[in-house]
Amino acid sequence: MAATLPDTTPSSLPTTALSPLHPTSTPPTSTFHPPTHASFPPFYTLQPNLTTRARQLDLWSTHVTTYCAHHRIFRLNLSNPPLNLFSNPSIHRSLKTSDIRVVLDHMSRPENGPRIEWISAGAKGEQSSSCYVYWKTPAEWAEAIYGWVEATGQKGAVLTVYELREGDAVREREWREMDEELLRKALGVLVKRGKAQVFGQEENAGVKFF
Amino acid sequence: MASNRRGVGLSAFSNAAISSDQYARHGQQLRTTHADALANQLSVFQAALHNFSLTHAKDIRSNPSFRAEFARMCNAIGVDPLAGSNVKQSGGAGAGGKAGSVWAKMLGSSVNDFYFELAVRVVEVCRETRSENGGMIAVNEVQKRIGKGRQGLVGGGMDVTEDDILRSIESLEPLGGMFKVQVLGGGRFIRSVPKELNPDQSKVLEVIQVLGYVSISLLRDNLGWERARAIAVMDDLVADSLVWVDTQADETEFWSPASMHDGA
């Protein structure tokens, strides 16, 4: 008994000492482990067999959402996609731009989430080249934000959009520094449900939760 | 002694009848004592096996190598752990739950249940991955997935051996031959789609097992096939979703989905 006690105390000490360091010492970009099928060469070729392709698109959909969730990407731009999301340099394979579009189109279908939403292009008839990635849907974000407001007793108070995105109180929250348009969408969901009211314009918009 | 003497007169006939009757009775007696002795032995054996399985039930369920040894012992003494499923079918129609298998009665159905449970997992894995591999999955891949447990459930994993999986597939036999084990290039595969592979297709899958992928020219060089033949086989395999296509290499390559999860 006496021998085990000194064993446990030193082992518990380093863990408590390390844990506060952990978030600051390792940037989130270095720890993402791509799924094993990301190093499977045919993964980057759109499969001719439709059954296989359906499975492939599902795998891609999960891959894109987990990647974006890990790197906290709210908006994808096709002309400048994030590093190594649609390509794997170690096996010299990458998804063609037209195939990326197929994947994203698949994800944008309502029966698949939708996991992305195209942002309409400026000019009419032009193909849009950027989209929101819903690793959480606006409804899920709305739920999370409302849950937080409720838990912290801020119902009835007025918060600014800036506070919701960058305030000290949300530093630990998943939606910190969220894409502003996307945040407005989430708030729109709450407005529709009668749980919030948005007033004011742009920069200094305020939100009141009920 | 009496039979050696033939006797005289009419009584000789009745004598013969009596002696044969006596033989028959004696034979009957011998048979019953034999049967009694055998039944006695069997019940003793069953009791012993029952006791064994009760004291070791936990080991049988949790320890794969112990389970394999136990199954081997049962095989050696001529008891099939899975024979129960058939007995249940024939006897269960009228009697309901009472007509359990010999095995289930002796072991409290835990071994039986173990393999049925495992069979359900195997079927689940096969169905889950069918769109990915066209219904052909390596036994060790199944083993890995079952060991990991169901997605989203904590602690659902089962420690099983390939042998266990093969046994559980045998237990699916009464449901019709939907699940077959096939040997390809040294690896065992479970085929969960009712389809026979032709020799060319098996050959190609075997090559893929060894090399990881094939291409048309590779098939021509190594198997001496005509280009058209190779293309036809590959088209078939693609159509059955048994291989995945990679067009970004120098020549189109065909990959087995089995290597997708190995982290090549």
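1. Of the 264 residues in chain B, 37% are buried, where buried means under 20% relative accessible area, exposed over 50% and partly exposed in between, with a 1.4 Å probe and protein chains only. The model is predicted, so local features need pLDDT of at least 70 and side-chain atom pairs count only at pLDDT 80 or more, while totals for chains, interfaces and linings use all residues. Residues are numbered from 1 along each chain as its sequence is written, chains are lettered from A and ligands numbered from 1 in the order in which they are written, and side-chain values use heavy atoms, with hydrogens and water left out.

2. Chain B has 11 helices and 6 strands; helices (H or I, at least four residues) and strands (E, at least two) are DSSP runs, numbered from the N terminus. Among contacts in chain B with a separation of 6 or more, 57% join residues 24 or more positions apart. Contact means heavy atoms within 4.5 Å.

3. On the interface: 19 residues of chain A and 22 residues of chain B take part in the contact. The two chains, A and B, bury about 1,700 Å² between them, and 58% of this is on carbon and sulfur atoms. Buried area is the accessible area (1.4 Å probe) that two parts lose on being put together, summed over both. On the chain A side, Phe40(A), Arg55(A) and Arg93(A) supply 32% of the area buried against chain B, more than any other three residues.

4. Is Glu132(B) buried or exposed? Glu132(B) is buried, at a relative accessible area of 2%, and sits in helix H6 (residues 130–133) of chain B. Not counting residues up to four places away in sequence, Glu132(B) touches residues of both chains: Arg55(A) and Leu59(A), and Arg145(B), Ser241(B), Trp244(B), Pro257(B), Met260(B) and His261(B).

5. Ser241(B), one of the residues touched by Glu132(B), has a phi near 50°, a positive value in a residue other than glycine. Ser241(B) belongs to the loop between helix H11 (227–239) and strand S5 (244–246) of chain B and is buried at 7% relative accessibility. Glu177(A) also has a positive phi, near 55°. Glu177(A) is in the loop between H6 and H7 of chain A and counts as exposed, at 54% relative accessibility.

6. On cavities: there are 3 of 30 Å³ or more in the structure. On a 1 Å grid over the protein atoms alone, a cavity is a set of points where a 1.4 Å probe fits but cannot get out, and lining residues have an atom within 4 Å of a point. Grid points are joined across faces, edges and corners, and a volume is the space filled by probe spheres set on the points. The largest cavity has a volume of about 100 Å³. Its lining has 7 nonpolar, 3 polar and no charged residues, including Leu184(B), Phe189(B), Leu205(B) and Gln209(B). In this classification Ala, Val, Leu, Ile, Met, Phe, Trp, Tyr, Cys and Pro count as nonpolar, Asp, Glu, Lys and Arg as charged, and the others, Gly among them, as polar.

7. The second largest cavity has a volume of about 60 Å³. H6, strand S1 (136–138) and helix H7 (139–148) of chain B are the elements that give two or more residues to its lining, and S1(B) gives the most, with 3 residues. By class the lining has 5 nonpolar, 3 polar and 3 charged residues. Glu132(B), Glu141(B) and Arg145(B) are among the lining residues.

8. The largest nonpolar core has 54 residues, of which Val64(A), Leu76(A), Leu164(A) and Phe209(A) touch the most other members. Such a core is a set of buried Ala, Val, Leu, Ile, Met, Phe, Trp, Tyr and Cys residues joined through side-chain atoms within 4.5 Å. Among the elements giving two or more residues to this core are helix H3 (50–71), helix H4 (97–108) and strand S8 (206–209) of chain A. A separate core of 22 residues includes Val204(B), Ile208(B), Val214(B) and Leu242(B).

9. Asp164(B), in helix H8 (residues 162–170) of chain B, is buried at 0% relative accessibility. Leaving aside neighbours within four places in sequence, Asp164(B) is in contact with Arg67(B), Phe114(B), Tyr115(B) and Leu118(B).

Conventions:
1 Å grid on protein atoms, 1.4 Å probe; cavity = no way out; pocket = protein on both sides within 12 Å on 5 of 7 lines; lining within 4 Å.
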